[in-house]
Amino acid sequence: MNKKQIEKQESIEALKSYLQKGMTLQAIIRQVSNSGMSRNISFKLINSRNEIIDLSYQIAKALEYPFNDKYHAVKVKGCGMDMAFHVTYNISHMLFNDGYQIKSNIL
């Protein structure tokens, strides 16, 4: 395995340890490009002890999306739909083989 594959697998394992079916990821749209064709979105999880856990980096690496250090966010290309839902659906599908097991909420 190369470095990228190892990083992806480690990120998936980290996400599995944090996310369970029925949880909600909080999405914060940090920046939208001038053209509206891409956005930088941070993803946070509030656990049972009311701690805020930033999962943006792990999500970017698991889905092989670019990670934007300036905004500490996942860079998502596309428009015309809820891109936070799109990312959350893909993570849920990757972890649970069902895109609807994790919900998203835009803050």
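Let's start with helix H2, residues 56–63, and helix H3: their axes come within 11 Å and cross at roughly 70°. An axis here is a line fitted to C-alpha atoms, for helices over the stretch in contact, and angles run from 0 to 180 degrees between N-to-C directions. Helices (H or I, at least four residues) and strands (E, at least two) are DSSP runs, numbered from the N terminus. H2 and H3 are therefore roughly perpendicular to each other. As for the wording, angles under 35 degrees count as roughly parallel, over 145 as roughly antiparallel, 65 to 115 as roughly perpendicular, and the rest as oblique.

A word on the source: this is a predicted model, where local features need pLDDT of at least 70 and side-chain atom pairs count only at pLDDT 80 or more, while totals for chains, interfaces and linings use all residues. Residues are numbered from 1 along each chain as its sequence is written, and side-chain values use heavy atoms, with hydrogens and water left out.

Back to our pair. The H2 and H3 crossing is left-handed, a term for the near helix being turned anticlockwise from the far one by less than a right angle, with right-handed for clockwise. Which residues of H2 and H3 meet? From H2 we have Ile 59, Ala 62 and Leu 63, and from H3 Val 87, Asn 90, Ile 91 and Met 94. This contact (heavy atoms within 4.5 Å) has six nonpolar residues, one polar and no charged. In this scheme Ala, Val, Leu, Ile, Met, Phe, Trp, Tyr, Cys and Pro count as nonpolar, Asp, Glu, Lys and Arg as charged, and the others, Gly among them, as polar.

Now look at helix H1, residues 3–18. The axes of H1 and H3 (residues 83–96) come within 11 Å and cross at roughly 90°, so H1 and H3 are roughly perpendicular to each other. Lys 8, Ile 12, Leu 15 and Lys 16 of H1 meet Ile 91, Met 94 and Leu 95 of H3. That contact of H1 with H3 counts five nonpolar residues, no polar and two charged.

How do H1 and H2 cross? Their axes come within 8 Å, at roughly 130°, so H1 and H2 are oblique to each other. Their crossing is left-handed. On the H1 side you'll find Glu 7, Lys 8, Ser 11, Ile 12, Ala 14 and Leu 15, and they meet Tyr 57, Gln 58, Ile 59, Lys 61 and Ala 62 of H2.

Next, two single residues. Is Ile 53 buried or exposed? Ile 53 sits in strand E3, residues 52–54, and is buried, with a relative accessible area of 15%. Buried means under 20% relative accessible area, exposed over 50%, and partly exposed in between (1.4 Å probe, protein chains only). Beyond its neighbours within four places in sequence, Ile 53 touches Tyr 18, Phe 43, Lys 44, Leu 45 and Asn 47. Phe 96, in helix H3, is partly exposed at 22%. With neighbours within four places in sequence again left aside, Phe 96 has contacts including Leu 19 and Ile 102.

Finally, the whole chain. The protein has three helices and six strands, running α-β-β-β-α-β-β-α-β from the N terminus on. Of its 107 residues, 37% count as buried. The C-alpha trace spans about 35 × 35 × 25 Å along its principal axes.
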